[in-house]
Every structure is written in C-alpha cells, then in structure tokens.
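Please walk through this model with me, one region at a time. Keep the sequence and the 3D view side by side.

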Protein chains: 2
Amino acid sequence: MSNSTLLLALDFGGTKYAAALIRAGEQEWIARRQQSAPPGADAHTDLAIVLGLAHDLLAEHPGRLIAVGVSFGGPVDFSRGLVRLSHHVPGWENLPLRDHLQAEFGVPVSVDNDANAGALGEWRFGAGQGCSSLLYLTVSTGVGGGWVIDNRPYRGADGMAGEIGHTRVDPNGSLCVCGRRGCLEVLACGPAIARRARERLQAEPQLGAGLRRLIENDLAALNAERVSRAAAEGNELAEEVLLAAARDLGTGIGNALSLMNPQRVVLGGGVTKSGEKYWAEVRRAARANTLPEISVDIVPAALGDDAPLWGAIALAENVLLEHA
Amino acid sequence: MSNSTLLLALDFGGTKYAAALIRAGEQEWIARRQQSAPPGADAHTDLAIVLGLAHDLLAEHPGRLIAVGVSFGGPVDFSRGLVRLSHHVPGWENLPLRDHLQAEFGVPVSVDNDANAGALGEWRFGAGQGCSSLLYLTVSTGVGGGWVIDNRPYRGADGMAGEIGHTRVDPNGSLCVCGRRGCLEVLACGPAIARRARERLQAEPQLGAGLRRLIENDLAALNAERVSRAAAEGNELAEEVLLAAARDLGTGIGNALSLMNPQRVVLGGGVTKSGEKYWAEVRRAARANTLPEISVDIVPAALGDDAPLWGAIALAENVLLEHA
C-alpha cells in the first residue's frame with residue numbers, strides 16, 4: 001500500500017490535539033492519534049505537538065500525501081488561511097497556519113474553524129449526508145455553529161457565519177463573555193448549566209440533595225456532566241436546570257429555523273449527551289419557537305467529537321477540487 | 001421593435017397589483033401599469049385584474065414574450081409554483097399560479113413570494129448589486145425577509161427561509177399573530193408602531209401634543225407614517241416610539257448578522273422611510289447586537305416599492321437559464 005494517496009486531518013482543539021490519516025476516497029481512518037494539551041501550551045508547542053503526531057502517522061503509513069485539512073478551535077480567516085486567535089492558547093494571533101503547513105508538507109492545505117469543520121464533516125460523512133442545507137451546533141464550553149448551504153460550506157462575508165452562540169435569546173438574561181445579555185451561549189453551554197445549578201443550590205438550601213451528594217457538597221465541582229448525571233438519577237433541581245438550558249437552546253435553534261429553514265440541524269458537543277429528556281425539550285422548544293410550515297429535524301452528531309476531524313478531511317478534499 | 005424579446009413581471013401585492021415589461025437584457029421598463037385592489041377581491045378577481053394589465057401591456061408593446069416572473073404577497077411553494085395562501089385575499093389556497101400562467105402565456109413562468117423576489121430584485125438591479133450574500137427585509141404591515149446566498153436565491157428546505165419577522169427579539173414582548181410573544185414583526189412593523197404610540201398616548205395624557213394634533217385626537221387615525229411625521233416635527237413621544245421600533249428591528253437584524261454574516265442588508269417597505277434618526281438607531285442596535293468582527297452594512301432598498309417587480313424580472317431571467 002505504499003503508493004496509496006493519503007489525506008491528512010489535523011485538529012487543534014484547544015484542550016486536545018488530533019491527527020488522522022485516510023486513503024483518498026475512503027471513509028475509514030487508516031490511523032488516528034490524539035493527545036491532551038499540556039498546561040502552559042502556546043502556539044509554538046501546539047504546532048510542535050500536532051506536527052509530531054502527523055509525522056509519526058506518515059512515517060508509519062507510507063504513501064503519497066496529497067492534501068491536508070485542518071480544524072482549529074477558534075476564529076479563522078478561511079480565505080487567507082489565517083488563525084485570528086485562540087481563546088485557550090496564547091501566540092496564535094494572526095498566525096498564517098495554512099502557509100506554514102503548506103511549506104511543511106508541500107501539498108495544498110485548507111484551514112477552518114472547528115464549527116465550520118464540524119458542519120462539513122457531519123454533512124459529508126455523518127448525520128447530515130444527503131442534506132442540501134444543514135446547521136451544525138457544538139454545545140460544550142461554548143456554543144458554536146457552522147452552515148452548509150446549497151451543498152457547500154457557507155462562511156459569510158467576514159468568515160463569521162454560524163455565530164448562533166451570540167444570537168440573543170433573552171435580552172434580560174445573564175451577562176455573556178461578549179458583553180451582551182442573554183446570548184444563547186451564556187444560557188445553554190456547559191459552564192452555564194453549572195452556573196445555573198450553583199445559583200439554585202445556593203438559593204435553595206433544602207433542595208438538590210442528589211446533586212449535592214454527587215459533588216460532595218463542593219459547589220466548585222459542579223459541571224454540566226454532573227448536573228446531567230444527577231438529573232438522570234432523578235434529582236429534580238438538576239433536571240430543572242438541565243431542561244431550562246435545553247429550552248433556551250431550542251429557542252435559539254427555533255430562531256435559526258425561522259431565518260434559514262435548513263433541512264436539518266445536527267447537534268454535537270458534550271452537553272448534548274444529556275439524555276432523552278434534554279433532547280425532547282430542545283426539540284419541543286425549537287418547534288414552539290418557529291412557524292408551523294418549517295420542518296424541525298434535530299439529530300445528534302453521528303461523528304461525535306470526531307466531527308471536526310472528519311470535517312478536516314472534507315476540507316482537504318475540497319482544496320484538491322479547487323486545485324484540480 | 002416588434003421583434004424585441006420581452007420579459008413580463010407581475011406583482012400580486014395584496015393591496016395593489018402591478019405589471020411591467022422589459023426587453024430581455026435591459027434594465028429599464030418599457031411600460032409599467034399598476035392598480036389598487038378593489039374591496040372584496042378574491043383570487044379570481046386578482047387574477048383577472050393582473051391578466052388584464054398584462055395583456056394591455058403586451059398589446060401596446062408588440063414583441064416576443066419569452067418568460068414571465070411573478071412576485072406574490074404571501075407564502076409560495078416555489079418548487080411547485082403554488083401559492084399556499086394570501087393573508088389578504090380569499091381563494092388563493094394552493095392555487096397553481098405558475099401552471100395557470102404558463103398555460104395563459106405559453107412561456108416559462110416562475111413564481112416566488114414578495115420578500116424573496118425583493119431580495120433577488122435588489123441583488124440583481126438595486127442596492128445589492130455585486131454582493132455575494134444579501135438579506136433583504138421589507139418592513140411595512142408585516143416584516144418579511146429574503147436571502148441571496150452565494151449569488152443565488154436561497155429559499156430553505158420548505159421554501160420558508162427569511163422569516164425574520166418571526167424570530168424572537170423579546171420573549172416578554174407583545175403577542176404576535178403567530179401566537180408567540182415578542183417576534184420582530186410585532187415589535188417593528190407599521191401597525192406595531194401605531195399600537196405603541198396609542199398605548200403611550202393613552203397612558204400619558206399630558207404627552208404627545210404634536211402627535212395628537214396630527215391625528216386630530218382620533219387614536220384610530222394613528223399609523224406609522226403619522227408617528228414618523230410627528231417625530232420629524234419634533235414630537236418627543238412619537239420619536240421615542242419610532243426609535244424603540246428601530247431598536248427592535250436593529251436587534252433582530254443583529255441576530256441575523258451573527259447567524260449568517262451576509263455582506264449587506266437591504267431594507268425596504270414603508271416603515272423604513274422614517275428618516276435619518278430611525279436609520280441611525282437601526283444601525284446602532286444592529287452593531288450593538290452582533291460581534292465586532294461582523295460587518296454591519298445596512299442600506300435602503302434602491303428600487304423602493306418596485307423591488308418585488310424587479311425581482312420578478314430576475315425570476316424570469318432565472319427560469320430562462322434553467323430552460324436553456
């Protein structure tokens with residue numbers, strides 16, 4: 001197999017890095033490596049780690065590399081192949097990642113942000129296959145989004161399309177990192193669920209016994225996953241908090257449905273692993289917040305946390321088509 | 001000129017009808033006719049009036065008709081050429097307008113709703129020329145919207161894209177015709193401005209002297225145009241009401257910018273003729289409600305109330321390309 005043509009996918013995830021190889025035209029990894037971000041990483045260490053993973057893979061699986069796709073966990077200027085910045089790691093400001101990797105590997109490279117890559121990955125290989133239009137959301141430490149419109153990635157005039165996390169759901173809601181109140185992100189992301197649970201536990205000392213047990217009475221140990229677990233175990237306060245976040249997410253999705261009427265919405269990210277009641281509430285709220293003529297088809301990401309990595313493969317395919 | 005090739009544009013506007021002729025490839029009407037809707041009209045009389053206008057034009061301006069484009073003031077199933085219904089006139093439910101007109105004129109016909117047609121018209125002939133993506137809004141008795149994405153009309157999976165009027169700006173806002181609270185439409189359309197002014201005049205008998213004079217103390221005579229006039233003449237209450245509607249419109253547009261990052265937003269419809277302060281507040285609120293990386297380029301419709309009619313010409317051009 002030493003004359004296989006290979007595509008390389010790279011994922012700079014903020015807290016983890018991954019690299020994977022595929023034979024062009026296939027839909028299965030030859031090999032996939034990942035690594036957690038070390039404490040105190042900067043852009044330089046990020047790059048060195050990911051290049052290390054990539055070169056190991058290429059050395060172990062000989063073949064002809066023909067393109068590289070990259071998912072980056074932060075804002076990217078797609079047309080120039082430039083990372084604008086990382087919210088997690090210093091030193092990424094205006095780094096020309098595409099040109100750097102093209103020099104490194106000597107093949108065409110395409111770089112996009114993780115939400116756009118996730119949208120493209122799910123559309124090409126996952127839960128959005130066959131949909132001409134698709135909204136992908138990732139709900140974890142933030143809420144990101146990406147679009148496929150008319151069977152193509154849609155990035156918007158400034159490469160900023162898909163910022164559903166900063167559409168406003170409740171003008172009187174909590175203060176968001178962006179400086180406004182009641183953005184979808186500050187209501188529905190993982191830290192928002194932890195914050196909402198903390199506020200309830202502080203305000204209502206008689207409630208939430210199950211959740212308190214789970215965090216051993218340490219409010220600092222609250223996170224969305226534990227709230228979700230307590231809800232699954234029957235704690236009412238946890239369930240109310242979780243479903244309030246689901247309702248806000250569904251409301252934000254409903255607005256997006258009214259505006260764009262995509263064929264399907266695909267939800268990924270850790271928070272969306274919160275069980276059937278969570279999903280039912282997201283769907284109910286979306287349905288209730290859009291017009292009856294508009295379809296509400298909301299499904300889980302099929303590729304899970306690998307959606308951006310698969311999206312990187314689709315980016316590599318697309319950049320080859322542009323160079324063809 | 002009897003061998004000119006002609007395109008015919010028809011506009012079923014709800015309260016007025018229009019027909020216009022153009023030579024293929026030109027950007028100036030040969031002739032344009034319009035007529036107000038008579039009281040008690042139904043789909044049958046609508047059709048008879050518009051066909052009358054069209055046949056008069058064709059008789060007076062001989063040539064070879066090659067396609068017809070139609071803007072309809074209500075929901076349309078574009079792919080099937082079917083009017084879903086009219087909110088103003090009975091008898092339109094599921095009427096196959098495209099097939100009917102194709103039989104009448106013997107040429108390809110394309111039918112779309114007025115907001116999509118307006119978007120296409122402004123993009124092809126008006127304030128959106130050269131933009132690869134565009135959101136068009138018409139703010140009058142309702143708030144409608146239409147998209148051009150990647151240089152093509154985008155209609156969504158159910159032909160419902162662009163329903164920005166039913167995205168939610170304030171979950172505690174007034175009750176909308178759609179049954180939800182605080183939709184953009186119920187906060188920013190013309191009747192909303194009249195309603196807001198009425199509520200203020202009733203609640204604050206000592207205020208609004210200028211506006212009260214203008215309507216001769218008859219609250220039933222309130223409309224957006226009069227509120228706007230009183231504001232221009234310096235009435236504070238009228239200005240506050242007008243600017244509150246502008247702020248809500250800008251907030252809704254800001255959400256659309258975050259979600260889609262279009263290159264430009266074009267605003268048409270009677271309410272947007274409310275002067276510089278109104279426009280400044282729309283732009284300010286949109287800017288304040290989206291991310292700093294996202295451009296805010298909001299301009300008045302260049303084609304005014306004729307945007308849908310010009311859009312009908314663009315629809316006729318597009319249907320010819322599909323048949324070519």
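The model is predicted. Start with strand β1 of chain A, residues 5-12. Of its 8 residues, 7 are buried, so β1(A) is largely enclosed by the rest of the structure. Which strands does β1(A) pair with? One is β4(A), residues 64-72, which runs parallel to β1(A) and is joined to it by 8 bridges. Within that pairing, Leu6(A) has Leu65(A) as its bridge partner. Another is β2(A), residues 16-23, which pairs with β1(A) in the antiparallel sense over 7 bridges. Here Ala9(A) is partnered with Ala20(A). β1(A) and β2(A) make a hairpin, with 3 residues between the strands. In the turn, Gly14(A) has a positive phi of about 90 degrees. In a regular strand, side chains alternate between the two faces of the sheet.

Now turn to the contact between the chains. Chain A puts in 34 residues, and chain B puts in 34 residues. On the chain A side, β10 (152-154) and α8 (236-260) each supply at least two residues. The largest share comes from α8(A), with 6 residues. By class, the chain A side holds 15 nonpolar, 11 polar and 8 charged residues.

Stay with α8(A) and look at its packing against another helix. Two packed helices are described by the angle between their axes and the distance between the axes. Helix α7(A), residues 224-232, packs on α8(A) at an angle of about 120 degrees, with the axes 7 Å apart. The two helices are therefore oblique to each other, and their crossing is left-handed. From α7(A), the contact uses Val227(A), Ser228(A), Ala230(A) and Ala231(A). From α8(A), it uses Ala238(A), Glu239(A), Val241(A) and Leu242(A). That makes 6 nonpolar, 1 polar and 1 charged residues.

Finish with the backbone. Most residues other than glycine have a negative phi. Asp150(A) is not a glycine, yet its phi is positive, about 50 degrees. Asp150(A) lies in the loop between β9 (143-149) and β10 of chain A. Is Asp150(A) buried or exposed? Its C-beta has 11 others within 10 Å, so Asp150(A) is exposed; the cut-off for exposed is 12 or fewer.

In chain B, Asn261(B) also has a positive phi, near 45 degrees, in a residue other than glycine. Asn261(B) is found in the loop between α8 (236-260) and β11 (264-268) of chain B. With 24 other C-beta atoms within 10 Å, Asn261(B) is buried, because the cut-off for buried is 20 or more.

Notes. Residues are numbered from 1 along each chain as its sequence is written. Chains are lettered from A and ligands numbered from 1 in the order in which they are written. This is a predicted model: local features need pLDDT of at least 70, side-chain atom pairs count only at pLDDT 80 or more; totals for chains, interfaces and linings use all residues. Helices (H or I, at least four residues) and strands (E, at least two) are DSSP runs, numbered from the N terminus. Two strands pair if DSSP finds at least two bridges between them. Two residues are in contact if their C-beta atoms, placed from the backbone, lie within 7 Å. Ala, Val, Leu, Ile, Met, Phe, Trp, Tyr, Cys and Pro count as nonpolar, Asp, Glu, Lys and Arg as charged, and the others, Gly among them, as polar. Axes are lines fitted to C-alpha atoms, for helices over the stretch in contact, and angles run from 0 to 180 degrees between N-to-C directions. Angles under 35 degrees count as roughly parallel, over 145 as roughly antiparallel, 65 to 115 as roughly perpendicular and the rest as oblique. A crossing is left-handed if the near helix is turned anticlockwise from the far one by less than a right angle, and right-handed if clockwise.
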